[in-house]
Amino acid sequence: MSVSLLQIPQLRELEEKYARILGPGVLMERAGKAAAEFISDLYPAPARVTVVCGPGNNGGDGYRTAIELLNKEYDVNVVQVAGKAPKSEEAKAALAEWEKLGRTVYTDPYDTPKADIVVDAIFGIGLERPLKDEFLDAAMWFNERRALHVSLDIPSGLNSETGTWVGDRAGCKADATISFLSGKVGLFTGLGPDACGRVKMDNLGISIPLTKISLLEVKDFKHVCAPRLKNTSKADYGRLGIIGGGKGTVGAALIAARSGLYMGAGRVYVELLEEDMKLDPFCPELMFPRQNQY
């Protein structure tokens with residue numbers, strides 16, 4: 001079935017709901033475990049990892065990920081960008097747990113040892129202003145590394161709803177992204193696919209509500225590929241209308257119409273706005289209603 005894509009208000013509501021149900025910090029712990037498992041599937045230990053953390057909950061996810069990777073026998077370093085302290089209690093607790101392990105916390109990623117894997121946990125879905133100053137430097141450092149690039153939830157700087165860079169300023173570009181709770185529209189539209197690389201979605205063990213926006217999967221089209229009965233005709237498989245085709249630009253309309261036939265529509269009608277075609281010689285099954293009224 002299709003995968004729900006939640007928008008920011010829905011995600012915030014879901015986070016608040018399950019924070020009350022599960023208790024503070026539980027979702028962040030689950031995010032860290034899911035991210036560490038995702039990374040270990042991509043690049044098994046031993047390996048050197050640098051996790052770059054911002055001041056929000058995305059940074060908290062980063063600290064939790066670092067802890068889990070350390071438990072998996074990775075050599076892990078953490079960067080607290082510009083020394084900005086975490087804002088939420090959950091993120092503060094995650095950082096405190098990391099510090100109890102006696103590990104160094106860097107404030108500048110350029111001071112860290114060479115890494116095989118770099119993890120972007122700078123900003124998540126709540127970013128409203130373009131990256132700048134030390135945070136922009138951290139994103140540039142991330143992009144420059146000759147390493148596996150992984151983003152947590154969404155590449156920092158990417159608008160989660162539009163798939164564009166916030167303020168038209170490019171941010172982190174990942175080889176792989178793990179999206180928590182649900183997918184986000186911006187991961188799959190606009191610049192999102194190039195910024196995210198491979199995308200994995202992890203619901204962190206909670207039930208995700210159905211939404212009006214969803215990502216279709218191959219299994220959603222099983223009915224299209226199902227064998228058809230012998231005693232049927234095109235009238236049994238519906239009608240599809242395609243409208244388009246300005247002067248000299250009929251290509252998109254014809255491609256859409258041919259695709260409709262290929263996908264199983266019984267009758268496909270093509271209404272060209274400014275051209276006078278009577279037949280598509282490559283697909284004579286198409287019908288042009290100006291000449292063949294139905």
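**Ground rules**

I number residues from 1 along each chain as its sequence is written, and I use heavy atoms for side-chain values, with hydrogens and water left out. Because the model is predicted, I ask for pLDDT of at least 70 for local features and count side-chain atom pairs only at pLDDT 80 or more, while totals for chains, interfaces and linings use all residues.

Buried here means under 20% relative accessible area, exposed means over 50%, and partly exposed is in between (1.4 Å probe, protein chains only). The core has 45 residues, and Val49, Val51, Val76 and Ile117 have the most contacts inside it. Helix H2 (residues 26–42) gives the largest share of this core, 8 residues. Helices (H or I, at least four residues) and strands (E, at least two) are DSSP runs, numbered from the N terminus. I also noted a second, separate core of 18 residues, with Val52, Val81, Leu127 and Cys172 among them.

I then listed what valine 49 touches, with contact taken as heavy atoms within 4.5 Å. Apart from neighbours within four places in sequence, valine 49 is in contact with Leu69, Tyr74, Asp75, Val76, Asn77, Ala115, Ile117 and Val119.

**Helix H1**

The 15 residues of H1 should span 21 Å, and the end C-alpha atoms are 21 Å apart, which agrees. Leu11, Leu14 and Tyr18 are buried in H1. They line one face of the helix, because they fall within an arc of 65° seen down the axis; the arc is that of the directions from the helix axis to the C-beta atoms. The buried residues of H1 pack against H2. Pro9, Glu13 and Arg20 are exposed on the other side of H1. Glycine 23 follows H1 and has a positive phi, near 105°.

**Helix H3**

I found H3 mostly covered, with 12 of its 15 residues buried. Among them are Asn58, Asp61, Arg64 and Glu68. The end C-alpha atoms of H3 are 21 Å apart, in agreement with the 21 Å its 15 residues should span. Just after H3, glutamate 73 has a positive phi of about 75°.

**Helix H8**

I read off 12 residues for H8 (residues 251–262), with 16 Å from the first C-alpha to the last, close to the 16 Å expected. Ala253, Leu254, Ala257 and Gly260 are buried in H8. They cover an arc of only 120° around the axis, so they are on the same side of H8. Strand S10 (239–244) and strand S11 (267–272) are included in what covers them. The face turned away from the buried side carries the exposed residues Ala252, Ile255 and Tyr262. Alanine 252 counts as exposed because its relative accessibility is 63%. After H8 comes glycine 264, with a positive phi near 115°.

In S11 I checked leucine 272, which counts as buried at 3% relative accessibility. Its C-alpha is 6.1 Å from that of isoleucine 243, 29 residues apart along the chain.

**Largest pocket**

I defined a pocket on a 1 Å grid over the protein atoms alone, as an open set of points where a 1.4 Å probe fits, with protein on both sides within 12 Å along at least five of seven lines; lining residues have an atom within 4 Å of a point. Of its 40 lining residues, Arg12, Gly56, Asn57, Asn58 and Gly124 are the closest to the centre. H1 gives the largest share of the lining, 5 residues.

**Backbone details**

I found a cis peptide bond from alanine 45 to proline 46, with omega near 0°. Proline 46 lies in the loop between H2 and strand S2 (48–53).

Alanine 82 is not a glycine, yet has a positive phi of about 60°. This alanine 82 is partly exposed, at 30% relative accessible area.

Aspartate 153 also has a positive phi, near 75°. Aspartate 153 is buried, with a relative accessible area of 10%, and lies in the loop between strand S6 (148–152) and strand S7 (176–180).

Note on methods
Core = buried A, V, L, I, M, F, W, Y, C linked by side-chain atoms within 4.5 Å. Expected span 1.5 Å × (residues − 1).
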